[in-house]
Amino acid sequence: MAEQATAGPGPNERPAPPQTTLQRIWDSDVFYSFRSSKVTMVAAAVTAVIFFMAIFAPWVAPHQPFDVATVDLMDAELPPSWEAEGDPRFLIGTDNLGRDLWSTILYGTRISLTVGFLSVIFGLLVGVGLGLVSGYVGGYVDAFIMRVAEIQLSIPGILIALLLAGILRGVLSAEAYNDAVVWVLVLTIGTSIWPQFARTVRGSTLVERNKEYVLAARVIGLSRFSIMLRHVLPNVMGPVLVIATINLAIAILSEATLSFLGVGVPPTEPSLGTLINEGQNYLFSGLWWITIFPGAVLAILVLAVNLLGDWLRDALNPKLR
Amino acid sequence: MIAFLVRRLLQAIAVMAVVALCAFFMFQFVGDPVNQMVAEDATAEDREYLREQLGLNDPIPVQFANFALNAARGNYGVSYQHKRPVSALILERMPATLELAVTAAIMAALLGVPMGVYTGLRRHGFMSKLVMTLSLIGISLPTFLIGILLIYLFAVILGWLPSFGRGDVIKMGAWESNFLSVSGLKSIILPANTLALFQMTFIMRLIRSEMLEVLRTDFIKFARARGLPNRAINYGHALKNTLVPVITIIGLQLGSLIAFAIITETVFQWPGMGQLFLQAVQVVDIPIMSAYLILIAFFFVVINLIVDMLYYVVDPRLRVDQPAGGGHG
Amino acid sequence: MNSTAHNDAEPLVSVDGLVRHFDVSAPFLNRLFERLDRSYVKAVDGIDFEIGRGETFSLVGESGCGKSTVARLIVGLYQPSAGSIRYEGVEIGPVEAAADRKRMQPHMQMIFQDPYASLNPRWRVADIVAEPIRVRGLLQGKPEILSRVGDLLSQVGLSPADGDRYPHEFSGGQRQRISIARALAGEPEFLVCDEPTSALDVSVQAQILNLMKELQDRLGLTYLFISHDLAVVYHVSTKVGVMYLGRLVEWADTKTLFENPRHPYTRMLLDAIPDLEMSGRQRIPVAGEVPSPINPPSGCAFHPRCPHAEERCRTEAPEARVYDGVHVSCHAVADGRIG
Amino acid sequence: MQGDSQALLSVRNLRIEFPTRRGTLVAVDDISFDISPGEILGVVGESGAGKSLTGAAIIGLLEPPGRIAQGEIILEGERIDNLPYEAIRRIRGRRIGAIFQDPLTSLNPLYSVSRQLTETIQTHLPMNDKQARDRALELLDEVGIPGAEERIDHYPHQFSGGMRQRVVIALALCAEPRLIIADEPTTALDVSIQAQIISLLKRLCKDHGTAVMLVTHDMGVIAEAADRVAVMYSGRIAEIGPVQEVVRAAKHPYTHGLMGSIPHIGHHVDQLTQIEGSMPRLQEIPPGCPFNPRCEDVTDRCRVERPNLQPAEHSEVACHLFDGQTAEVQVNE
């Protein structure tokens, strides 16, 4: 342009040349805090390994625990292979039905993770959507959504999940319930966590809504819907990510708890919680491994996810640095 | 102040009404109560008679009004499974749950609050980091697993403490207490610890983060600039400003203790309301489920009201109604 | 720029009896139990002014006087409680409603105060600047839009290559330039600037003010300029309006207003500015603070702080009167007690 | 420039660093200045120039990871930058008071004004409750809060912005400190209130003989209140001298440009003088004189050699233009 304004910035202001997206990520403060925290890296590695083994359980597991043909009751209650009575075929022993415990745990983790992820996604979609609408639209819509969220928040999630599970048991036949159990769990656990997303997103939306970039978009003439989706949503996702991570841990725990309490996944296709519940009965007879190993995997998984969540919260909150 | 209380009361009533409605719909749509109550070979007339007796043929709003009135009087019908009035069942089991929950709450608060303050003040200290790491492990272990581990260690391996039940309970009127016998006391140790552990880590982490938040504020910086001693800043200025959120959350946590008691009671076969509720869920015993729901909701509403009143004690901005004066002169 | 024939004497923007109240009543139950009335913040309480084509009209006043509310009313971010805003003689409502607003909206754009909050941190600068072009469909095709964005960035003293960056890579002054580029992208003829330099350091403020002036000369823009800084206002404006508690107490030519302030509040404000010249003039200390706009004083809102107040000022709100082209709302001026 | 013996506060070669992952940032780089008893020293500069950090360092309230990397801070002949925490705490409020920018957030919302005042008084002075309260009342009266008797038991939220800043000043004065660090005390206030607060500060200092380090970005406030002024740029002092001289006859090209870029009522100019660019970020401070990329009179020497403060008339200026003899300067002009 011919009429370049005279008021140009000085040469010292010119920032470094634009970076590629990858460089930007590698160089970002968030990623730096990841690189500089050993605990976080270990947690991420552990999570990745567990995810990998769960996803590829059919290929990774040495046995097919749910294939009746390969399971032999003669192998039942074998201790880990390093104990005197151990069997080298079964690394950490077998359960009361003769299933290889290691393989069963892999498949159980798969179910636990599936339920955990789907619940969080369900809670996230509902919560973020309602929170965005609540914060941006305001008024009675806001008041209504927030009252419901508050009431629900004040009742512990596990209680809501139990009640919903109980009701669905009453509505569905036992068979239908067992077929749909994963979805029932997703619905119940997801329902118990949406208010956290909704409240956080609403709070951030209220802040963002009055920021000048949103006003600028309104002056430009963008529709409400576009503003919410294109401007506000990307800017409230930081805390959503943190809540999602922490709630993944909570959802996994909830599933385990519900299964332990006997309203979750049935023993025929056990999750980690079901395995622990089953094993508990044998604890007194000294068959410790049936409980301890699934319990350890559960604890390590949840700890790793929690560590990631803690790190993410601190990394995304510049005030804490 | 009055307006605030009235509003809170109205909200509380609204919440109770909604919860009652949920409970009512459970009755309406989950199973047929008549089928649960009559013998297998009852005739159609018998059934119809019972329907009429139970008021099941009335219009829905009338049924709901009756239901709500009965609930308010403490009449929740008869358990399908136990064939006894629900209110009696719950009353029987309430002492066990309350003793467990209150013991756990006291333990959690007594340990959690000072640890939270400590880790907030000495953010970078070795002890703080240790405690924080342990607490993260604490919230990563599911309650039931902690219970099982404690049982395995103290009951199975060491044989020091009983693994289930309440031990010898002594009756004082309608109240059966654990605290009056040695075996009762020994019995409550493991379940109370199990229940307290999660709450304690939660309270501790909450107070820590609130402390950190407050310690960053300008008025703390200004208090330092005035040369106030650390004790006055940390315990006078900072701690008091963390009270509002802490009261809120601890109030809510009290309620969740009752819910988590379900798990603990199951692990330790503790004969409380939680166990009753869980059995009800497993066999879809609607009267017990709905009564439990209403009871818990009532409990929450009461705690919330108390919490709201505590705000007034703590925060002068709520107490004083006059607007900011301009001060002309 | 649209080329309909205008009468040059006709103002571009005219504001008539503009009122905006915000309901800040206590909740219903509090009003019931504590016998409170509904209460409103009278942010803008009946103001009139006109902005001629090519002018810079400034509104100046202390915080809470309602100057930013006026800006937002004019661009349609708020709906007026009463009164009218006319653009080229056409009455316009809020952004999301009336068709007339839709038709006139493209002619106006806004520049905001906070250079850190006014750009979406997740968007690249090129996308930010291109948004008005895309929304209004001014250009089609990616290369056309990009080259226009490059032009705009050059116009405000940045380089077209800066379009690939994110806002956080820029300093406050540069961000304000991006804001201006975004506003220009919509090809407006009227720019509402809400304290555009008050978050900037003085040396950067000078750059932005110079840039704005240059753009005005080149593109024939009209500005509504909101500021609390009298010296900045003196520098940029052709006309100045002084606001106090939602009312326009005085408006006039810049030169006239600063050389011969009539309203006691204008005099007080001018008196309060720190004296950089250090002429050693004896300043009369200003008494009191701005009262709450929820419950403004009766009559002339300025009377509790006014050295010339008398009984009438306490009861009767003064009407604006014109003296040699200066609009003043003051009984003392009207009565010839001061002036 | 006063000798050390007379100075109330003397800052010598102060350097403040922030270790970050991309290297150590030097926020304040080797600055020295004195404040005499009863003097108001204005410290002016754009955001990020290091002026507030200097104030924070003096009262020992640098926020970690910021740290004093080098230099000394001497209060009444006693070095205070290396004191143990408890000793510096006793100095804060007693010998050095502080006022911050935002009166809204400076006061604890949960305690009444009387409690905050008496607490501070009793921390530093041996007074019983009654005496402390009387002193608190006196202070409120002195800072111009009408009806102190009644208002002392109010909470901060019941005061307006200007009144709150008066309370903050009263808190800073509790133990009659010899020096007050006032960090942007008028920035959050309206012009008319600003004028009141400045004149209050000036009056109090005159009455009590208190010295003030007045940190602000507002040249007008400095011109109004200060005796001497230090102009900071990129963590260094560009120019320091009597306020009259610096404002009217700025010597450093930065100060000169800065003064020109401020619009004046009464002088109409079409374009303001402007300094191109903006102050470099801390990680991008160029070698030599930090102002060299924006300076119109830049020479090769400015790009390599850092200028030190040297006397020019009654001021001191850090610019190679003023090196050595005054004669050379005149030749250049």
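1. Contact here means heavy atoms within 4.5 Å. By that rule, 43 residues of chain D touch 40 residues of chain C. Keep in mind that the model is predicted.

2. How much area do chain D and chain C bury between them? The figure is about 3,400 Å². Carbon and sulfur atoms account for 53% of it. On the chain D side, three residues stand out: V191(D), P263(D) and I265(D). Together they give 17% of the area that chain D buries against chain C, more than any other three residues.

3. Polar pairing across this interface comes next. The rule finds 16 residue pairs in polar contact between chain D and chain C, both partners at pLDDT 80 or more. Salt bridges number 0 across the interface of chain D and chain C.

4. Which helices of chain D each supply at least two residues of the side that touches chain C? They are α7 (161-173), α8 (191-208), α9 (219-225), α10 (243-248) and α11 (253-261). By residue class, the side of chain D that touches chain C holds 17 nonpolar, 18 polar and 8 charged residues.

5. Now the fold of chain A. The chain has 13 helices and 0 strands.

6. Chain A has 321 residues, and 52% of them count as buried. Among contacts in chain A with a separation of 6 or more, 71% join residues 24 or more positions apart. The accessible surface of chain A is about 13,900 Å². Carbon and sulfur atoms hold 67% of that surface.

Key. Residues are numbered from 1 along each chain as its sequence is written. Chains are lettered from A and ligands numbered from 1 in the order in which they are written. This is a predicted model: local features need pLDDT of at least 70, side-chain atom pairs count only at pLDDT 80 or more; totals for chains, interfaces and linings use all residues. Side-chain values use heavy atoms; hydrogens and water are left out. Buried area is the accessible area (1.4 Å probe) that two parts lose on being put together, summed over both. A salt bridge is a side-chain nitrogen of Lys or Arg within 4 Å of a carboxyl oxygen of Asp or Glu. A polar contact is a pair of N or O atoms within 3.5 Å; within protein, one must be able to donate a hydrogen and the other to accept it, and residues adjacent in sequence count only if both atoms are side-chain atoms. Helices (H or I, at least four residues) and strands (E, at least two) are DSSP runs, numbered from the N terminus. Ala, Val, Leu, Ile, Met, Phe, Trp, Tyr, Cys and Pro count as nonpolar, Asp, Glu, Lys and Arg as charged, and the others, Gly among them, as polar. Buried means under 20% relative accessible area, exposed over 50%, partly exposed in between (1.4 Å probe, protein chains only). Accessible areas come from the Shrake-Rupley method with a 1.4 Å probe; for residues, only the protein chains shown count as cover.
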